[in-house]
Protein chains: 2
Amino acid sequence: MTEDCTQLKNSIIENFGTPCGVIDLDIVDSNIAKAQALCDAAGVANRPHIKTHKSPRLAALQIAAGAQGITCQKLGEAEVMANAGITDIIIATNLLGAARSGRLAELQKRVALKVCADNPVSLTEYAKAATQADRPLDVLIECDTGQQRAGVETPEEALALAELIKANPMLNLAGLLFYPPVDGWPQTQVFHDKVIDGLDKLGMHAGIVSTGGTPNFVNIDQLKGSTEHRAGTCIFNDRMMIEAGVATLDDCAFQVYTSVVSRGGEDRGILDAGSKTLTADTGGLDGYGLILEHPTARIHKFAEEHGFLDLRKCNHKPVVGDVVRVIPNHVCVAVNMIDQLVAVRGGQVVEIIPVAARGKLV
Amino acid sequence: MTEDCTQLKNSIIENFGTPCGVIDLDIVDSNIAKAQALCDAAGVANRPHIKTHKSPRLAALQIAAGAQGITCQKLGEAEVMANAGITDIIIATNLLGAARSGRLAELQKRVALKVCADNPVSLTEYAKAATQADRPLDVLIECDTGQQRAGVETPEEALALAELIKANPMLNLAGLLFYPPVDGWPQTQVFHDKVIDGLDKLGMHAGIVSTGGTPNFVNIDQLKGSTEHRAGTCIFNDRMMIEAGVATLDDCAFQVYTSVVSRGGEDRGILDAGSKTLTADTGGLDGYGLILEHPTARIHKFAEEHGFLDLRKCNHKPVVGDVVRVIPNHVCVAVNMIDQLVAVRGGQVVEIIPVAARGKLV
């Protein structure tokens, strides 16, 4: 991180300008290998979430390293990945807009999808789409064990959905989807066991028991019965993952190269990366990113195309024309702003990687 | 806003799914006409900022209504607009990354651009680009009169840049660019007058004196010497503009149609629009948008593809499968997430408008 990278900076600015989203493929390779090794050691399959990179090229690297399949959050993302030849896909959310638009049925005609539900309305729409596709749809029941995000909140609700799935010939129960709180794996085990018991009584089986989250790698072997883990952020990492203690600066593969375009007074500066580049997502942290060259400079505010610097704590202050590298707070939303990533290896630009599944609202 | 729009909702969801970015062209027309009328009444030219819509199609509507030219914030935006035949363009920022990448020179070869500077480094890069393009570049000096964004902070600094421009045969002084605070027009007048006096002594002339901002329409005739106004948000408006008192709900042309995809417990709900759709930009407001059907529901948190609802204040709560319409806090960053806008008129979908200049990092 601290090596002299003047040559690479010059290459980036001469060939692409700033701001520019850059990934280091050596770090990407290392991060992919680490995630796979953690899954292998725990005896669960690896199903990386592509929300972080949204790129079939990088998904292919994950699969080549041993991932069994992928996780998507949008039907549009699954369409892009299916078009690239990836077919083992969980869409880890209740699809309603995509189901009612006919696009779920269209994709299900081509690829046997696995989708999620936490309510009967989604099941009804899934059955319609499956009927239209003339192929039963695999459904995971999404279970909330404390995150207060999506998911049924009790084993009883999960079993009620299982009964609806059982009653519908166009739906198959594929399994259970969890995203446990980092400190909530014991309660997840209790929830899981009750559902599995209930399914037994219904004569049903959860083939997949999926857990999720990069910070949850520390718990990966803590759910008896789990079959796979979904993690997204670990391919690139970010300031949130550093703060969570699950990555170091050397594990951060994505950086925004940005120019200092203005200095107003002694203690102010302006980057050409604003909320339309780094996004206003703080991830609960102070400031909007870490500037590698000036770690004490604080990106304290954004305009759409400007990042405003508070330089009061900097002894060595940047000057206009400097190119600096920013590790974003939340890499998944930052990559989502960009149509292509500039990929480097050993300090050389080696490839341009399209963020092909970006901008898929549905 | 309160009319029954079930038919339109059904049409949106069946043809596009959710979430979906929708604009009402009748409101767009009315907003464009109002902005033009305000400029006309003040005797200044209208130079709308395309950052809000990023669409050559909508820029053409603004020009057809009387706008003299447009404002862009990125070179990449200007490239898209120039390719669509628009040639009177101010790029209202210090370009450094774009200048040093060669792209400024490439565009300057085709279109006589107007660019901005608040420092000598930008001027040096502009002169290089102009030399490469073999055509002098028109430069506006950006002046900060209180916003603490970009811009020189004193008339003396502005005049020092003017002298550098005068000394360089590849640069022309095009004028002065201001973005006054809403309550800062008197001090802007003082700053302006000092610079104009100094330019007189240098034998120089500011052909353009540009002011900016939708909330500044209330001040538009308050700077003696101004020649044009730049405003972006007014074409669509948003919750920030309502809060600022410069728009009403009926003036809001852009809505995100989103499905309620989950309900956890009595007081929670989840939309399929998260930070990758509405963005984490609060615009300083409480919550992340106004739900027209449930104005007392608060979008209190985002995941990337989920908006989390606090329904405690709702007597009439949404149910899973409902499609609701959200006015975002900050429309410019929300439109920037979308590759195309679904345009309606009289409750019918009439057109798909590409957000063609979206994602232009440089």
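Start at the end of helix 4 of chain B: B:Gly85 follows this helix, and its phi is positive, near 95°. Helices here are DSSP runs of H or I with at least four residues, strands are runs of E with at least two, and both are numbered from the N terminus. A caution before going on: this is a predicted model, where local features need pLDDT of at least 70, side-chain atom pairs count only at pLDDT 80 or more, and totals for chains, interfaces and linings use all residues. As for labels, residues are numbered from 1 along each chain as its sequence is written, with chains lettered from A and ligands numbered from 1 in the order in which they are written.

Back to helix 4 of chain B, residues 75-83. Seven of its nine residues are buried, so this helix is largely enclosed by the rest of the structure. Buried means 20 or more other C-beta atoms within 10 Å of the residue's own; exposed means 12 or fewer; partly exposed is in between; C-beta atoms are placed from the backbone. The buried ones are B:Leu75, B:Gly76, B:Glu77, B:Ala78, B:Glu79, B:Val80 and B:Met81. What covers them? The cover includes helix 3 (56-64), strand 3 (70-72), strand 4, helix 5 and helix 6 (103-110) of chain B.

Next, a helix pair. The axes of helix 8 (155-167) and helix 9 (185-201) of chain B come within 9 Å and cross at roughly 35°. Axes are lines fitted to C-alpha atoms, for helices over the stretch in contact, and angles run from 0 to 180 degrees between N-to-C directions. The crossing of helix 8 and helix 9 of chain B is right-handed, that is, the near helix is turned clockwise from the far one by less than a right angle. Helix 8 of chain B brings B:Pro155, B:Ala158, B:Leu159 and B:Ala162 to the contact, and helix 9 of chain B brings B:Phe191, B:Lys194, B:Val195, B:Gly198 and B:Leu199. Contact means C-beta atoms, placed from the backbone, within 7 Å. By class, that is seven nonpolar, one polar and one charged. Nonpolar covers Ala, Val, Leu, Ile, Met, Phe, Trp, Tyr, Cys and Pro; charged covers Asp, Glu, Lys and Arg; the others, Gly among them, are polar.

One single residue. B:Arg298 sits in strand 13 (298-302) of chain B. Is B:Arg298 buried or exposed? It counts as buried, with 20 C-beta neighbours inside 10 Å. Beyond four places in sequence, B:Arg298 is in contact with B:Gly287, B:Leu309 and B:Asp310.

Now the two chains. Chain B contributes 55 residues to the contact and chain A contributes 55. On the chain B side, 18 are nonpolar, 21 polar and 16 charged. A rotation of 180° with 0.0 Å of shift along its axis superposes chain B on chain A, RMSD 0.0 Å. That is the relation of a two-fold axis. The superposition is by least squares on C-alpha atoms of residues with pLDDT of at least 70 in both copies. Which residue of chain B comes closest to the rotation axis? B:Ala280, at 2.6 Å by C-alpha. Also, 100% of the interface residues of chain B are interface residues in chain A too, so the copies meet through the same surface.

Methods
Contact = placed C-beta atoms within 7 Å.
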